[in-house]
Amino acid sequence: MLTTESSSNYQDLEKMSVNQLLTSINAEDQTVPFAVNKAIPQIEALVEQIVPRMQAGGRLFYIGAGTSGRLGVVDASECPPTFGVPFDLVVGIIAGGDMAIRKAVENAEDDSEQAWKDLAGYKPAENDTLIGIAASGRTPYVIGGLNAARRAGLLTGCVVCNAGSKVAAAAEFPVEIVVGPEFLTGSTRMKSGTAQKLALNMISTAVMIRLGKVKGNKMVDMQLTNEKLVDRAVRMVIEELNISADEAESLLSEHGSVRAVINAVKG
């Protein structure tokens, strides 16, 4: 039996008080970072392979079904506003199409040929990377996509929550984060989903930092799309250039980003 499908460490959940439920879920959640920590060498190996490919013009694709697919879409969609990169540099693709982000699409994950068809519209090339996300490690949609990508010369990686899975076997650089039984047996949106989210955060953030999208510890390329982000950018410019808030706002209005302001002033 797959670890993600094994029986919960807790019994008779319906008899628990709300406090017992929340405390027990939290206790299980606290084990996830330790499982992720064990996988850091695998995550590092994958990131080290992604960076030079993206420096050469490659893109990063995520594929997955259900919760795994949604997590890939979330991580990809947050890269443009956070790092100021084009919307098609990091792309999340979910089995069943965008409608599956909100509503489950029956049997979408069972088609082993569909992932590559979904990727075809992006004209994948050898410098691109495909990361398959699958808690179980046995999703046909993900396995088929990884196999096709390897044949086409793409770099392939994965994030799974079982050891020795078919998805891991299909990827050149697998990341296996074994979190153990879910609090609610088989509900991989819980610990497995948390582990996948942490891993994707680590991958995309590390890649973007290595690509030069961060200065110091600041998101200097972030898109200024709301008041909160504009205020943050103003504070960054004030700190970097030691100027007034009015001057910082004027420079941001003129140049459009913190990095552009710093480059214009400091050269």
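**Close-up views of the pocket, cores and aromatic pairs**

**View 1. Lining of the largest pocket.** The largest pocket is lined by 19 residues, and those nearest its centre are Glu109, Ala135, Ser136, Thr139 and Thr188. In this predicted model, the volume of the largest pocket comes to about 300 Å³. Both α4 and β3 supply at least two residues of the lining, and α4 gives the most, with three residues. Sorted by class, the lining of the largest pocket holds nine polar residues, five charged residues and five nonpolar residues.

**View 2. The largest nonpolar core, with 33 residues.** Within this core, the residues that touch the most other members are Ile50, Ile131, Ile177 and Ile203. At least two residues of the core come from each of the helices α2 (32–38), α3 (40–55), α4 (66–83) and α8 (191–210), and likewise from each of the strands β1 (60–64), β3 (129–134) and β4 (155–160).

View 3. When neighbours within four places in sequence are left aside, Ile131 is in contact with Leu46, Ile50, Leu60, Phe61, Tyr62, Ile63, Gly157, Cys158, Val159 and Ile203.

**View 4. The tilted aromatic pair of Tyr10 and Phe183.** The count of aromatic pairs in the model comes to two. In the pair formed by Tyr10 and Phe183, the rings lie 5.2 Å apart centre to centre, with 55° between the planes, and the arrangement is tilted. This pair links distant parts of the chain, since Tyr10 belongs to the segment before α1 (18–29) and Phe183 to the loop between β5 (173–176) and α8, 173 residues apart. Tyr10 counts as partly exposed because its relative accessibility is 22%, whereas Phe183, at 6% relative accessibility, counts as buried.

**View 5. The edge-to-face aromatic pair of Phe61 and Tyr122.** The rings of Phe61 and Tyr122 are 5.5 Å apart centre to centre, and the angle between their planes is 65°, which makes the pair edge-to-face. Here too the pair links distant parts of the chain, with Phe61 in strand β1 and Tyr122 in the loop between α5 (114–120) and β3, 61 residues apart. Phe61 has a relative accessible area of 0% and is therefore buried, while Tyr122, with a relative accessible area of 34%, is partly exposed.

How values were computed:
Residues are numbered from 1 along each chain as its sequence is written. This is a predicted model: local features need pLDDT of at least 70, side-chain atom pairs count only at pLDDT 80 or more; totals for chains, interfaces and linings use all residues. Side-chain values use heavy atoms; hydrogens and water are left out. A nonpolar core is a set of buried Ala, Val, Leu, Ile, Met, Phe, Trp, Tyr and Cys residues joined through side-chain atoms within 4.5 Å. Buried means under 20% relative accessible area, exposed over 50%, partly exposed in between (1.4 Å probe, protein chains only). Helices (H or I, at least four residues) and strands (E, at least two) are DSSP runs, numbered from the N terminus. Contact means heavy atoms within 4.5 Å. On a 1 Å grid over the protein atoms alone, a cavity is a set of points where a 1.4 Å probe fits but cannot get out, and a pocket is an open set with protein on both sides within 12 Å along at least five of seven lines; lining residues have an atom within 4 Å of a point. Grid points are joined across faces, edges and corners, and a volume is the space filled by probe spheres set on the points. Ala, Val, Leu, Ile, Met, Phe, Trp, Tyr, Cys and Pro count as nonpolar, Asp, Glu, Lys and Arg as charged, and the others, Gly among them, as polar. Rings of Phe, Tyr and Trp (its six-membered ring) pair if their centres lie within 6.5 Å; planes under 30 degrees apart count as stacked, over 60 as edge-to-face and the rest as tilted.
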